[in-house]
Amino acid sequence: MLTNSAHAPTMVKLEALGLVDRFDVVVTTDTLGFGKPDPRVYLEACRLLGGEPHAVVCIGDSLAWDVLGAEAAGLRAVWLDRGGRGATEEVASVRDLHEVTAALDGRFGSPPSHR
C-alpha cells in the first residue's frame, strides 16, 4: 500500500477495517519525506515489494497523483474513476474495483514474465 498519509493514522484505519494483514508493505510519506506524485515514492514501493516498476500496477483514485505519477515512474496504472468523469489522457480506468482484472487484461495484456 502506498499513501500520502502518515504511518500512524494509516495503520489505525487499516486495523479498524481489519485490513492490516492484507498488505505486506505500507509506504507513507512521513517515513520517506516525499510522496505522490514524486516518482521516487513509487520506485521505493517497488523496491520494498521486490518488484520491477514495469511489472507493478498502481490503482488509485487520483488521476494526477496515482496514475500519471506512477506511469512517470515506469509503473502500469489504473484510475479508479468512481464518478465516471473520464480523462483527456489515455489511461486505463475503471468505475468499480470489480472491473480491475478486465481493465488490466484489456490495457496491458498478460503480465510480464519473471526471470
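This is a predicted model: local features need pLDDT of at least 70, side-chain atom pairs count only at pLDDT 80 or more; totals for chains, interfaces and linings use all residues.
Local features are given where pLDDT is at least 70, side-chain atom pairs count only at pLDDT 80 or more, and totals for chains, interfaces and linings use all residues. Residues are numbered from 1 along each chain as its sequence is written, and side-chain values use heavy atoms, with hydrogens and water left out.

Three strands form an open sheet in the order β3-β4-β5, with parallel pairing. Helices (H or I, at least four residues) and strands (E, at least two) are DSSP runs, numbered from the N terminus, and two strands pair if DSSP finds at least two bridges between them. β3 and β5 (92–94) are the edge strands, each pairing on one side only. On average, neighbouring strands of this sheet are turned by 25 degrees against each other, direction ignored. Such angles run from 0 to 180 degrees between N-to-C directions, and the axes are lines fitted to C-alpha atoms, for helices over the stretch in contact.

β3 and β4 run parallel and are joined by four bridges; here G60 stands opposite W79 in β4. Three bridges join β4 to β5, also a parallel pair, and V78 stands opposite A92 in β5.

How many of the five residues of β4 are buried? Five of the five are, where buried means under 20% relative accessible area, exposed over 50% and partly exposed in between (1.4 Å probe, protein chains only). In a regular strand the side chains alternate between the two faces of the sheet. Both faces of β4 are covered, with R76, V78 and L80 buried on one side and A77 and W79 on the other.

Helix α4 (residues 63–72) has L63, D66, V67, G69 and A70 among its residues, and these are buried. An α-helix has 3.6 residues a turn, so residues three or four places apart point the same way. The buried residues of α4 pack against α3 (39–49), β3 (57–60) and β4 (76–80), contact meaning heavy atoms within 4.5 Å. The helix α4 lies across β3 and β4, running at about 165 degrees to β4. Just after α4, G74 takes a positive phi of about 95 degrees.

The structure holds zero disulfides, a disulfide being a pair of cysteine sulfur atoms within 2.5 Å. C46 is in none, and the nearest cysteine sulfur, that of C58, is 9.0 Å away. C46 counts as buried because its relative accessibility is 2%. C58 is buried too, with a relative accessible area of 12%.

G51 is found in the loop between α3 and β3. With a relative accessible area of 24%, G51 is partly exposed. Leaving aside neighbours within four places in sequence, G51 is in contact with C46 and V56.

T10 belongs to helix α1 (residues 7–16). Is T10 buried or exposed? At 4% relative accessibility, T10 counts as buried. Not counting residues up to four places away in sequence, T10 touches M1, T3, S5, V26 and T28.

One feature involves an aromatic ring: the charged end of R40 sits over the ring of F34, 3.9 Å from its centre. The criterion is NZ of Lys or CZ of Arg within 6 Å of the ring centre and within 35 degrees of the ring normal.
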